[in-house]
Amino acid sequence: MENIQSYVNQHKDRFLSELIELLKIPSISADSAYKKDVLSTAEAVKTQLEAAGCDLVEICETNGYPIVYGEKIIDKNLPTVLVYGHYDVQPPDPLELWTSPPFEPVIKPTELHPEGAIFARGACDDKGQMYMHVKAMEFMTNTNQLPCNVKFMIEGEEEVGSENLGDFVKANHEKLKNDVILISDTGMIAKDVPSITTGLRGLSYVEVEVTGPNRDLHSGLYGGAVANPINVLTKMIASLHDDNNHITIPGFYDKVEELSKEERAQMAKAPFSLENYKKALDIDAVYGEEGYTTNERNSIRPTLDVNGIWGGYIGEGAKTVIASKAYAKISMRLVPNQDWKEITDLFKSHFESIAPAGVKVKVTPHHGGQGYVTPIDSIGYQAASKAYSDTFGKTPIPQRSGGSIPIVALFEQELKSKTILMGFGLDSDAIHSPNEHFGVWNYLKGIETIPLFYKYFTELSK
Ligand code: BES
Ligand code: MN
Ligand code: MN
């Protein structure tokens, strides 16, 4: 494409300062105290889509946070790319672990990003990656090189399960009609190892509550004589994995697809250093399901993890008490074919069945979604592959990711089109963690690569 590199070079300072403005708004969807900020972020996205050349931009109300929809239809006979992204972010806590405040973005160099990385909540997930698409659009419209139709659908509830987006998609088949869905909300293997995400895991997220006695008790007067909900809960949780770290819920693995030897050998070819992996996390060993490699454990295998656990006394000093209740939040990452509702039911009945007499157990499902795999012989994948090859000088590697974007499976089901996951983040970007950042190089490389996807997708669709 003509002068994309020089355009990016010429405008990069503005591309960065505009993103920084967006990152200053704390659009935390999980926390209702930030409702105003989430709403004003939607307005900011609308303004930017208009400035980038969309002919129509709307704030579409839902029962939750609005969806920003934008489009530029140049010719009904040309293909249509639907871009999806999210403008909401995860809560930033624990705040004290940030080296600079999460909503006061700064550009600082890191070992991996000597040219600088933008530090802020949402820098990579997903404001930075979503905004690459807005700037790619700006380039294409400003230089008269938009080769096809574009639609944008940017939501504000991804980090809380996209509950209202499903209804919006179901009710708007015609409006959202497209030939391919394009998302940058994942990562790549390394800066010099471009990759395209071909799979996402599904998710089932539940909360459990164990209730023992009707009030907190003196741990001397009652200890040993009544069930302690925290003791019981931790024992129940521990029993969910066996000695080989297989999950013990009956039926859990029934629909899990076993990859062939060839497929696993192919996966193992992706560059990976276990030593560097351990070093980056400061751990002396990895841990996981027997019989699988680290990269298999975090992509093609389902998991069960406690995300939070609480109960009893956690204040200063010691308080001798047996709490009345104990709680945990548990996520299960699922692989394609496992149905998240079925798995949620299996979890619920198993967890209830292992509760000992003397406690009551309540399981509350939160949210979930199906896993996703996309083929590498589709026009969309081929177009993405050519785009990366041009800007990275290397053919990208297909890679299944361990993360989840539950709405992607629903897109395919409702809109009947494939999703291409062109992520430019790195695992070390610390998404959802303190000090989230996004390399300036990655950000600009994304802006450079995206227009080429449009070009090749349009050419290959002819
Ligand atoms: N962008 C992430 C998902 C992701 C990150 C996929 C990196 C692959 C690589 C997304 O915003 C996210 O965090 N999803 C949640 C699920 C959601 C229902 C809260 C997740 O994976 O925990
Ligand atoms: Mn995301
Ligand atoms: Mn996220």
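Modeller: Happy to! Let us begin with the two metals: the manganese ion (ligand 3) and the manganese ion (ligand 2) lie 3.6 Å apart, and Asp-125 coordinates both. The pair links distant parts of the chain, with Asp-125 in the loop between S5 and H3 and His-432 in the loop between strand S17 (419-421) and strand S18 (437-439), 307 residues apart. Helices (H or I, at least four residues) and strands (E, at least two) are DSSP runs, numbered from the N terminus.

A word on the ground rules. This is a predicted model, where local features need pLDDT of at least 70 and side-chain atom pairs count only at pLDDT 80 or more, while totals for chains, interfaces and linings use all residues. Residues are numbered from 1 along each chain as its sequence is written, chains are lettered from A and ligands numbered from 1 in the order in which they are written, and side-chain values use heavy atoms, leaving out hydrogens and water.

Donors are N, O and S atoms within 2.8 Å of the metal (3.2 Å for Na, K and Ca), and water is not among the atoms, so sites may look incomplete.

Next, the manganese ion (ligand 2). Here His-86 (NE2), Asp-125 (OD), Asp-185 (OD) and Asp-185 (OD) coordinate the metal, at 2.0 to 2.4 Å. Angles of 56 to 166° among the 6 donor atoms make this arrangement irregular. His-86 lies in strand S3 (residues 80-86) and Asp-125 in the loop between strand S5 (117-119) and helix H3 (127-142), so this pair ties together parts that are 39 residues apart in sequence.

Finally, how covered are these residues? His-86 is buried, with a relative accessible area of 0%, and Asp-125 is buried as well, at 7%. His-432 is partly exposed, at 39%. Buried means under 20% relative accessible area, exposed over 50%, and partly exposed in between (1.4 Å probe, protein chains only).

How values were computed
Tetrahedral: all angles 85-135°; square planar, octahedral: opposite > 155°, others 65-115°.
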